[in-house]
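Dear colleague,

I am passing the structure below on to you, together with some notes on what was found in it. Please read them with the model open beside you.

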Amino acid sequence: MVLLSAWSLYRPTGMPPGPRGFPVVGSLFSLTANIHLDFIKLGKKYGGIFTIKLGSNLAVVLNDYELIKEALVKKPTDFAGRPRTLSGEILTEGCKDIAQSDYNSTWKLHRKIAHQAIRAYASGEKLERLVHEQAFPPLQEALEESDGKPLQMKQLFMLTVNNVLGKLCFGHGLTLEDPEFKATVQIFDDYSETVGKGLIADVLPFMKYIPMKATDDLVRISEQAFAPWRTKFMEHKEKYDKDNIKDLTDYLIQEQKKAVEEGVGDIEKLTDTHLVQTIVDVYGAGIGSTKETMNWSVVYMVRYPDVQTKVAMEIDDVVGRDRLPLLSDRSKLPYYDAVIHELMRIRTVLPLAVPTKL
Ligand code: HEM
């Protein structure tokens, strides 16, 4: 026990300062549900970079703008790796996605292909068309129908973001009444709740050998969540037409077929599981972050009506009421741009970013 305790408290020399914590669990029990606020407090004591033991994981926390910029912007490939966790492995079917996988040639290939597909179907004018055609009409319809009465925006934001991503990934959107949309909402809520709880084995890896309900729940919910995406992927594969590549899924299948035809070593990196995981990443990472930011925007606009009026006046002045905003209007809407930045700062949806590994 003494040796185990000493080993669990060991830190290599040269690590930044930080709380010592307790044997085995480290500082896990001194953290609250608002870990980002705990880290701000620890930053006041230990500075912009400190070390903290989270169970068996020795983590270095960057708590300073310049340091974060150096790590994530100036040296992105040094910090592109991800630590392996049990949840990560379950959710990515063995680290076959982009967001949670380590930095290696498979990751680079998938990231490159996903970027190319997003550039091809959701950048510039194509992004504007996606938003104008998929997000705007359901909002406009709901506002007209509400006739000035209070309106619940949550479902509508889920629908609009779902439709933009649905069109990008699979070439179609849904309506509020669609059974498929209702099922998507239910799956997304269950998935977010289960994933949000995490697994004790993520911080104490030896616990993965002990059967736990939380692990079984995560396996079950990820199976449920991936099934519809897998079905849509297979439908796309059956109907694939190389002369009509219309969405991100077609694009990924095209790259898979090219690798098979050319017989290159990329074949084993472009399995169906890898491609479905890329779609899950784009869809999953896009939905929660964007809809929550939109939900908060309404809360703050209601809370600060003077800001709401100034934003509306600026949009009226620059864009007018005869057309929808374009990306090129952004530089002419400095107040609105600042309000969005402030909103993402004060109600950041990912306050800790995603952990990286050297
Ligand atoms: C308000 C909206 C959003 C916020 C705040 C947000 C935030 C983030 C953050 C903090 C990361 C981790 C970056 C890193 O560790 O380097 C990330 C990764 C990612 N996001 Fe978003 N995101 C948003 C919208 C979207 C949308 C709309 C999409 C899809 C179209 C998307 C897809 C992804 C993907 C695929 C990754 C993984 C990238 C990688 O690991 O290389 N996100 N996002």
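Where does Asp329 lie? Asp329 is in the loop that runs between helix 12 (305-318) and helix 13, where helices (H or I, at least four residues) and strands (E, at least two) are DSSP runs numbered from the N terminus. Before going further, please note that this is a predicted model, in which local features need pLDDT of at least 70 and side-chain atom pairs count only at pLDDT 80 or more, whereas totals for chains, interfaces and linings use all residues. Residues are numbered from 1 along each chain as its sequence is written, and side-chain values use heavy atoms, with hydrogens and water left out.

When neighbours within four places in sequence are set aside, Asp329 is in contact (heavy atoms within 4.5 Å) with Val318, Val319 and Arg323.

The ligand comes next. It is surrounded by 16 residues, the closest being Arg82, Arg111, Gly286, Ser289 and Thr293, where a residue is near a molecule if one of its heavy atoms lies within 4 Å of it. Helix 5 (105-121) and helix 11 (272-303) are the elements that give two or more residues to this shell, and helix 11 gives the most, with six residues. By type, the shell divides into 10 nonpolar, four polar and two charged residues; Ala, Val, Leu, Ile, Met, Phe, Trp, Tyr, Cys and Pro count as nonpolar, Asp, Glu, Lys and Arg as charged, and the others, Gly among them, as polar. A polar side-chain atom of Arg82 lies 3.0 Å from an oxygen atom of the ligand, while for Arg111 the distance from a side-chain N or O atom to an oxygen atom of the ligand is 2.7 Å.

Thr293, one of the closest residues to the ligand, belongs to helix 11 and counts as buried, since its relative accessibility is 18%. A polar atom of its side chain lies 2.7 Å from the backbone oxygen of Ser289. Not counting residues up to four places away in sequence, Thr293 touches Leu343, Met344 and Val349.

Towards the end of these notes, Leu352 is found in the segment after helix 13 (334-346), and at 43% relative accessibility it counts as partly exposed. Apart from neighbours within four places in sequence, Leu352 is in contact with Ile35, His36 and Phe39.

As for the protein chain as a whole, it has 13 helices and two strands, and 36% of its 358 residues count as buried. Its C-alpha atoms fill a box of roughly 70 × 60 × 40 Å, taken along the principal axes. Among its contacts with a separation of 6 or more, 61% are between residues 24 or more positions apart.

With best wishes

Methods
A polar contact is a pair of N or O atoms within 3.5 Å; within protein, one must be able to donate a hydrogen and the other to accept it, and residues adjacent in sequence count only if both atoms are side-chain atoms. Buried means under 20% relative accessible area, exposed over 50%, partly exposed in between (1.4 Å probe, protein chains only).
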